[in-house]
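Okay, thanks for having me, everyone. Let me put the model up on the screen and then walk you through it.

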Amino acid sequence: MKNIFVIIFLLVFFSCSDSSKIYNLKFFNIDFTAEGKRHLFNEEGQWKIYNFLQNSVDSGEYKDGVRYGDWTIKKRGVLQPQNWTIVENSEFKLKTNIPFGVDSLKYSDYFIKVLLNQNDYLSIVTFIIDNPDNKNRKVDLEDIFIESNKFFLENKYKFDVKRMNEKKGFRAYYLDEYLLKDSLNNQFYYLHFYTRLNSGKLFEVTCKGNDNFDSKILSYKIIMNTFLENERVYSPFIF
């Protein structure tokens, strides 16, 4: 009899999670809402994202927590198309979504570098899994920020940086956003996100692109929909 009640509870729970609902979401200090269905805790099927950093509506399809296919972004009454590609790697057990399509992929023992098709926003997204330099030194997460700044200074970059951090349970998340200017006065946007997974591995995401508002928004959407070793790296859902 006890097993029957457990089965009934699970059926009710998962059937409820499969119905369309409105969710309050959060990415660091950014609050927004979304409407759609979840299956096994991940977004599935048609979704709408409301007012993520702007007066806008994103509409499109999710597949097991990642965006794919054609989306539309409605800003101030104007519709803009946006295409998302699912990128998966079985060796690293990585799954994510990339806007505008993939021009090429580069691999090493500890990173995957994605070069995007030509667009006005992002050019390169890199996923770094347990960088051996950091692993061997057992680097503290706070040290990464110091070392990033040191690297930019040594390479003659001028920069402004904005930091965000958050703690959920036992896990800390850091997000550093740079406005970089090189020796030729070329200016670009650079994001660095990092955390430790439940396995203890250090995981980093860097995004490089043009200095504009949409580069920032696209970078956030990549981070929120990235999975590693079957674990969602950063969930925007408020439990």
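So, start with strand β10, residues 122-129: β10 pairs with β14 in the antiparallel sense, over seven bridges. When I say two strands pair, I mean DSSP finds at least two bridges between them. Strands here are DSSP runs of E, at least two residues, and helices are runs of H or I, at least four residues, numbered from the N terminus. Within that pairing, isoleucine 129 stands opposite phenylalanine 203 of β14.

Quick housekeeping. This is a predicted model, where local features need pLDDT of at least 70 and side-chain atom pairs count only at pLDDT 80 or more, while totals for chains, interfaces and linings use all residues. Residues are numbered from 1 along each chain as its sequence is written, and side-chain values use heavy atoms, with hydrogens and water left out.

Back to β14. Strand β13 pairs with it too, antiparallel, over nine bridges, and tyrosine 194 has glutamate 204 in β14 as its bridge partner. The β13-β14 hairpin has five residues between the strands, and glycine 200 there takes a positive phi near 95 degrees. Seven of the nine residues of β14 are buried, so the rest of the structure largely encloses this strand. Buried means under 20% relative accessible area, exposed is over 50%, and partly exposed is in between, using a 1.4 Å probe and protein chains only.

What does the largest nonpolar core look like? It has 44 residues, and those with the most contacts inside it include Phe27, Leu175, Phe203 and Tyr220. By nonpolar core I mean buried Ala, Val, Leu, Ile, Met, Phe, Trp, Tyr and Cys residues joined through side-chain atoms within 4.5 Å. Helix α4 supplies the largest share of this core, six residues. Leucine 175 touches, among others, Phe27, Phe193, Tyr220 and Ile223, leaving aside residues up to four places away in sequence; contact means heavy atoms within 4.5 Å. There's also a second, separate core of 12 residues, including Leu141 and Tyr178.

Now the open sheet. Its nine strands run in the order β1-β2-β3-β4-β5-β6-β7-β15-β16, with antiparallel pairing. The edges are β1 (21-27) and β16 (231-232), each pairing on one side only. Helix α4, residues 213-224, packs on this sheet, and among the strands it touches are β1, β7 (94-99) and β16; its direction makes about 160 degrees with that of β7. That angle is between N-to-C directions on a scale from 0 to 180 degrees, with axes fitted to C-alpha atoms, for helices over the stretch in contact.

Last topic, charges. How many salt bridges does the structure hold? There are 11, counting a side-chain nitrogen of Lys or Arg within 4 Å of a carboxyl oxygen of Asp or Glu. Glutamate 43 bonds that way with arginine 232, closest N and O atoms 3.0 Å apart. Glutamate 43 sits in β3 (residues 42-50) and arginine 232 in β16, so the pair ties together parts 189 residues apart in sequence. Glutamate 43 is buried at 3%, and arginine 232 is buried at 13%.

Then there's glutamate 229 with lysine 201, at 2.6 Å, N to O. Both sit in loops, β15 to β16 for glutamate 229 and β13 to β14 for lysine 201, so this bridge joins parts 28 residues apart in sequence. Glutamate 229 is partly exposed at 25%, and lysine 201 is partly exposed at 28%. Finally, Asp58, Arg67 and Lys221 are linked in a salt-bridge network.
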